[in-house]
Amino acid sequence: MSVRVKICGVTRPEDARAAWDAGTDALGLNFYPRSPRYVEPATAAALAKTRPALGAVVGVFVNETPVTILARVRECGLTAVQLHGDEPPEACTGYGVPIIKALRVRGEEDVERARTYVGVGDVAALLLDGAAPGYGGGGVTFDWSLVARLTDAGVPVLVAGGLTPANVAEAVRATRPYGVDVASGVESRPGIKDVDAVRTFIRAAKAL
Ligand SMILES: O=C(O)c1ccccc1N[C@@H]1O[C@H](COP(=O)(O)O)[C@@H](O)[C@H]1O
């Protein structure tokens, strides 16, 4: 099975449709109000409606309240939740959908911290991101050799952070992840996807 791809931070229906047509497995919709990729709930609900039967629509949240996350899951038709802030393990449950817990990786200690989420609540996958200033979408890679430290953890791992059409094949080769995730690396400007870059990214990621 080829690596799964998530195209994150989509804000426009035409970009959503182009990503599905190009073969993405998941779309990410960003509900972090400080992100340049933030979408209002009504926009998110419309974007989620572009989902094909087997596609996933992942809501991205940063230190959001459970009440708001649950409301967005229900009103926007999210099929998974990505917690991309400082949420502790005990916060990773209660939304009725699988949870992807994201961690920003500076070094080994962050990968060890990632292990504390394995088998907890509704955590179905871990996402490892680079450690750019802020919480995500920073276009910064991390030391991919650290991913091997989770091989025995028995949890799907998504690699993110600074991926582009030019480096995603190398990232997949180096880490053999369950999936890869990209926001800034396939944009013409924040929130606006470059459709050619999206297509090239997906082709390169899935070529191995
Ligand atoms: O994209 C954002 O603006 C964002 C904001 C806050 C939390 C997460 C965000 N996106 C996630 O960040 C990583 C890496 O993004 P990039 O490819 O390096 O730009 C990715 O997992 C996005 O889902």
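These questions and answers cover the fold, the helix packing and the ligand shell of a predicted model.

Q: How many helices and strands does the protein have?
A: The secondary structure of this predicted model holds both kinds of element. The count comes to six helices and 10 strands.

Q: What radius of gyration does the protein have, and which value would a compact globule with 208 residues have?
A: The C-alpha atoms fill a box of roughly 40 × 40 × 30 Å along the principal axes. For 208 residues, a compact globule would come out near 17 Å. The protein agrees with that, at 15 Å.

Q: Is H2 roughly parallel or oblique to H3?
A: Helix H2 covers residues 41–48, and helix H3 covers residues 66–76. Their axes lie 9 Å apart, at an angle of about 45°. Angles under 35 degrees would count as roughly parallel. The H2 and H3 pair is therefore oblique.

Q: Which residues of H3 does H2 meet?
A: H2 passes H3 in a right-handed crossing. The contact divides into five nonpolar, no polar and two charged residues. From H2 come Pro41, Ala44, Ala45 and Ala48. On the H3 side they meet Arg72, Glu75 and Cys76.

Q: Why does H5 count as roughly parallel to H6?
A: Helix H5 spans residues 168–175 and helix H6 spans residues 195–206. Their axes are 8 Å apart and the angle is about 25°. The cut-off is under 35 degrees, so H5 and H6 are roughly parallel.

Q: How many nonpolar residues are in the contact of H5 with H6?
A: H5 passes H6 in a right-handed crossing. H5 brings Val168, Ala169 and Val172, while H6 brings Phe201, Ala204 and Ala205. No polar and no charged residues take part. The nonpolar count is six.

Q: Is H1 roughly parallel or roughly perpendicular to H6?
A: Helix H1 runs over residues 13–22. The axes of H1 and H6 come within 9 Å and cross at roughly 25°. With the cut-off at under 35 degrees, H1 is therefore roughly parallel to H6.

Q: Which residues of H6 make the contact with H1?
A: The crossing of H1 past H6 is right-handed. H1 supplies Ala18, Ala19 and Ala22. The contact divides into six nonpolar, no polar and one charged residue. The H6 side is Val195, Val198, Arg199 and Ile202.

Q: Of the 26 residues around the ligand, which come nearest?
A: The shell around the ligand counts 26 residues. Those that come nearest are Ser35, Gly136, Gly137, Ala160 and Ser184.

Q: How many charged residues are in the shell around the ligand?
A: By class, the shell has 13 polar residues. It also has 10 nonpolar residues. The charged residues number three.

Conventions
Residues numbered from 1 in each chain as written. Predicted model: local features only at pLDDT ≥ 70, side-chain atom pairs only at ≥ 80, totals over all residues. Near = placed C-beta within 6 Å. Nonpolar A, V, L, I, M, F, W, Y, C, P; charged D, E, K, R; others polar. Axes fitted to C-alpha atoms, helices over the stretch in contact; angles between N-to-C directions. Helix = DSSP H or I, 4+ residues; strand = E, 2+ residues; numbered from the N terminus. Parallel < 35°, antiparallel > 145°, perpendicular 65-115°, else oblique. Left-handed = near helix turned anticlockwise from the far one by under 90°. Contact = placed C-beta atoms within 7 Å. Rg over C-alpha atoms; globule rule 2.2 N^0.38 Å.
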